[in-house]
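I opened the notebook to look up sheets, cores and a few single residues.

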Amino acid sequence: MHTDAAGLTQDDVVKMSLHQEFDVYRHHYEHMQRLLKEAQLQVHDGEWEWGGGDDLPMNGADGVAALTGSTFKNSYYLTSTRLWSPPGRQRDLQPMTDYFTEQGWTIQHRTIAEDQEVWATTGDGWQIQYTAQENGNNPLTVYSEPFWTNDSNALSTAVYGRSTATFPDQSRPGVYPDFPEWDDPIVNKPKI
Amino acid sequence: MGIEFDDAAASRLADCAAEVALSLRASAQPRRNNAEAALHDFDGAYSRLFEAARVTESQDRTRLATALESLVEQVRTAQRQADTERERLADVAAWRQREADRDLVRAGGGLPLQPVLDWSSSVFDPEPSGRPQRPSPVSAVFSARSRQRTGGRSGGRSGADPARLRKFAAVARVQDSSTEQDLVRMRNAWAVFRNRCSWVPVDGATLPGGFGDYLNENADDATWGDRIADAFSAAGGVSLAIATLDIAVASTFSPGLQRLLDPSLTPAEVAAAWAALGFSDADVRALPLTTQLQIANLDGIPAAQRDIASRAVLSAAVEDPERVYRLMGLRDTDGAVSLDEFREQVVALRDGVNRADQLATRVKDPSEDVAQLVGFGVSNGALVAAVVIGDLDTASNVTVNVPGAKTNVGGMGENVTAASALLKAAWRGRPDESFAVVSWIGYRTPEPVEVFSQKRAINGGANLASFLDGIHDSRGSAPRSVTVLGHSYGSTTAAQALTQTRYRIDSFVSYGSAGFTDTTTPAHLNVDQVYATEGSADRWANVGQFGRTDPREFEDVDTFSAEASDDGKKVTGHDMFPDSGVGYLSPNATSQHTIAKIIATGKP
């Protein structure tokens with residue numbers, strides 16, 4: 001059986017209720033925020049622009065790592081992006097590269113057109129992309145590798161339904177809206 | 001010998017008519033009060049229609065009561081005349097008896113007494129009149145006037161309190177129910193009178209029928225009230241265009257709406273017809289489902305309003321799939337999706353749209369945090385739909401992604417998730433710009449064996465060209481950029497479309513293409529720049545290109561890599577988003593990164 005980014009098999013997840021999946025998801029979300037914060041602090045401890053809300057599951061079959069048998073319905077990944085613009089359009093990937101190296105993570109460099117990237121794979125289910133773009137913006141994106149779920153639509157609806165988050169345009173590293181609790185009321189119902 | 005006149009039947013008719021007339025007059029004021037209560041907060045042309053109907057009802061009620069009272073008088077007169085005639089006939093009969101008796105005396109007394117007897121009878125017992133009493137004819141005449149219930153060519157809008165209208169309809173029905181019993185009694189009494197009082201001629205007998213017509217008009221008033229109340233409720237209690245109300249109450253299409261729904265219109269003409277109608281969101285909500293289905297699929301109507309119509313149709317399809325399956329004509333279409341497939345795809349599309357709604361709320365400014373369902377209908381027997389992450393009416397940068405073979409609306413969830421990731425990636429390239437990404441499944445995509453044929457691309461290309469032109473025509477201002485993405489056979493279809501569009505497209509990105517035909521080479525396309533990529537591990541694109549040309553072979557096509565960049569991820573197969581491996585739109589794929597950059601900046 002193929003294990004997901006948390007080391008679970010599909011059979012393990014089948015035994016979980018939606019409530020349990022929700023709690024596990026929250027744990028993943030908060031871990032993603034910690035990874036993001038630590039990486040952000042390596043290059044800039046001021047305000048970072050948000051790339052939009054980051055609390056909903058994405059299509060695990062379309063994730064940054066393969067999970068054999070994964071589909072849109074039975075898997076998901078998480079991702080979050082923050083962006084800052086170094087003064088003078090500096091394009092310095094070295095501090096982030098050093099940090100990734102210190103963590104013992106696998107690093108890949110790539111250049112796409114004029115953009116330079118460093119891409120880290122943590123080895124425990126997470127990947128981090130830091131790009132120095134030609135336009136002077138430096139986005140930092142954390143991706144999880146795919147996780148199994150019993151129903152990605154149900155999980156997304158469970159999170160979205162309870163969310164009262166207002167995602168900021170900008171925030172300092174480590175600042176993000178509280179993730180909802182399972183016992184929170186459903187405040188966002190499907191329109192159809 | 002008597003006359004055919006049943007006094008009891010006549011009395012019953014007269015009594016009944018008198019009671020009904022009295023009842024009609026007595027209920028006039030409550031009826032007026034009920035109607036006037038509904039007029040509170042009722043404005044516009046429909047308010048004037050309602051008031052005119054109220055006045056007509058009131059006048060007809062009075063005319064009916066007057067006709068009934070006249071009938072009473074006529075029947076009473078007939079009764080008196082019948083009495084007189086009966087008396088006359090009795091007198092004649094009695095005289096004849098006496099005359100017979102005298103004849104016997106004459107016979108016994110002989111001829112000498114005869115002159116004396118004759119003189120005596122003529123003086124003391126003259127023969128009564130032999131001229132029968134002629135009854136006055138009875139005339140029972142009444143006709144109800146019809147009431148206008150649609151605004152026709154009158155423009156403008158109307159607003160009303162749906163609760164008041166519903167109350168009017170309910171109370172009016174109660175009031176009319178007792179009058180309906182009066183009508184039955186009247187008809188019976190009249191029929192018996194006609195049967196048993198044939199001595200009385202009848203000049204006119206339109207009253208029973210006219211009475212029924214009057215009640216039918218009242219019933220139509222109540223139904224009218226309910227229908228427009230439903231329309232106002234569906235609209236959220238705000239004002240509606242007269243054309244919308246005309247459809248709601250009578251399925252009557254105003255000339256403007258007839259124009260809009262003319263299937264020969266171009267998207268520009270649709271946009272003009274739509275603007276002339278002046279329909280609001282509320283109007284679209286209040287339209288009947290059949291009209292919403294048409295509006296949903298009209299290119300040239302603003303996305304926000306197509307979204308309202310499309311969601312209404314999708315909701316109905318989820319709730320009552322058999323009804324919408326029939327409504328879309330799928331039951332009678334050869335090769336159409338089966339009802340079971342329809343059910344399955346509709347639910348999956350619903351889930352996809354809900355997922356899009358969720359993801360859209362996480363979109364970053366200045367892109368709008370909305371999702372739009374811009375079309376839900378049928379093409380060549382397949383269900384088709386398009387879902388936007390962002391606002392298609394206002395986004396500076398619009399991207400339309402066209403999928404290839406074996407795609408149907410059931411896969412919308414995956415498409416919108418990829419669209420959301422693409423939008424975020426594009427935002428990284430231009431954080432100050434707004435984006436909208438459309439997952440367009442607007443044609444019957446081919447089965448694998450059909451990929452070698454151009455048939456599906458031709459049909460789909462026409463649909464896509466109309467959709468793309470409609471984006472421009474429906475907006476007040478053109479997008480800063482429009483990018484069309486075509487995957488596999490979707491790129492073949494998109495190329496077909498781009499030979500037909502009136503508006504020039506900024507960028508056309510072909511990925512994993514099934515190839516372009518000789519008539520859809522880049523030179524034929526109404527596009528500034530064509531880009532193409534194909535992964536070396538993509539084994540299927542090449543197969544699909546049989547009989548067509550790989551777009552990368554054209555000199556004026558700008559190619560980009562779908563391979564690993566340095567140690568980056570390369571596409572591992574043919575899919576847009578594979579079950580495993582890396583697809584063209586996977587977020588860590590070089591191709592996705594480049595496509596996002598083209599969307600954001602127009603350059604790889």
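I count two strands as paired if DSSP finds at least two bridges between them. I keep in mind that the model is predicted.

I looked up β7(B), residues 397-402, beside β8(B), residues 435-441. 5 bridges join these strands, and they run parallel. I noted two partners across this pairing. V398(B) has A436(B) as its bridge partner, and N401(B) stands opposite S439(B).

How many residues of β7(B) are buried? I found 6 of its 6. I then checked the strand face by face. N397(B), T399(B) and N401(B) lie on one side and V398(B), V400(B) and V402(B) on the other, and both sides are covered.

I repeated the check on β8(B). F435(B), V437(B), S439(B) and I441(B) are on one face. A436(B), V438(B) and W440(B) are on the other, and both faces are covered.

β8(B) also pairs with β6(B). Here 5 bridges run antiparallel. I found A386(B) opposite W440(B).

**Entry: the whole chain B sheet**

I traced the order next. It is β5-β6-β8-β7-β9-β10-β11-β12 in chain B, an open sheet of 8 strands with mixed pairing. Which strands are the edges? They are β5(B), residues 371-379, and β12(B), residues 557-559, and each pairs on one side only. Neighbouring strands are turned by 20° against each other on average, direction ignored.

I looked at the β12(B) end. 3 bridges join β12(B) to β11(B), residues 527-533, and the two strands run parallel. Y531(B) has D558(B) as its bridge partner.

At the other end I followed helix α14(B), residues 339-360. It lies across β5(B) and β6(B), running at about 5° to β6(B).

**Entry: N380(B)**

I stopped at N380(B), in the loop between β5 and β6 of chain B. I call a residue buried at 20 or more C-beta neighbours within 10 Å and exposed at 12 or fewer. N380(B) has 16 inside 10 Å, so it counts as partly exposed. Leaving out residues up to four places away in sequence, N380(B) touches R444(B) and N459(B).

**Entry: nonpolar cores**

The largest nonpolar core has 173 residues. I listed the members that touch the most others: I228(B), A385(B), V387(B), V388(B), I389(B) and L422(B). Helix α15(B), residues 412-429, gives the largest share of this core, 10 residues. Why does the core lie between two domains? Domain 1 (7-152 + 160-234) and domain 2 (287-601) of chain B both give residues to it, so it lies between them.

I then looked at the contacts of A385(B). Beyond four places in sequence, A385(B) touches L349(B), L373(B), G375(B), F376(B), V409(B), M412(B) and I441(B). Another core, of 30 residues, lies apart from the largest one. Its members include A14(B), A78(B), V138(B) and Y214(B).

**Entry: helix α6(B)**

I checked the length of α6(B), residues 207-234. At 1.5 Å a residue, its 28 residues should span 40 Å. The end C-alpha atoms are 40 Å apart, which agrees. Just after α6(B), I found G236(B) with a positive phi of about 85°.

**Entry: the chain A sheet**

I finished in chain A. An open sheet of 7 strands has the order β5-β6-β7-β8-β4-β1-β10, with antiparallel pairing. Its edge strands are β5(A), residues 106-112, and β10(A), residues 170-171. Each pairs on one side only. I looked up β1(A), residues 48-50, against β4(A), residues 79-84. 2 bridges join them, and they run antiparallel. E49(A) stands opposite L83(A) in β4(A).

What packs on this sheet? I found helix α2(A), residues 18-43, touching β1, β4, β7 (126-132) and β8 (138-144) of chain A. Its direction makes about 150° with that of β8(A).

Note on methods. Residues numbered from 1 in each chain as written. Chains lettered and ligands numbered in written order. Predicted model: local features only at pLDDT ≥ 70, side-chain atom pairs only at ≥ 80, totals over all residues. Core = buried A, V, L, I, M, F, W, Y, C linked by C-beta atoms within 7 Å. Helix = DSSP H or I, 4+ residues; strand = E, 2+ residues; numbered from the N terminus. Domains from an automatic or database assignment. Contact = placed C-beta atoms within 7 Å. Expected span 1.5 Å × (residues − 1). Axes fitted to C-alpha atoms, helices over the stretch in contact; angles between N-to-C directions.
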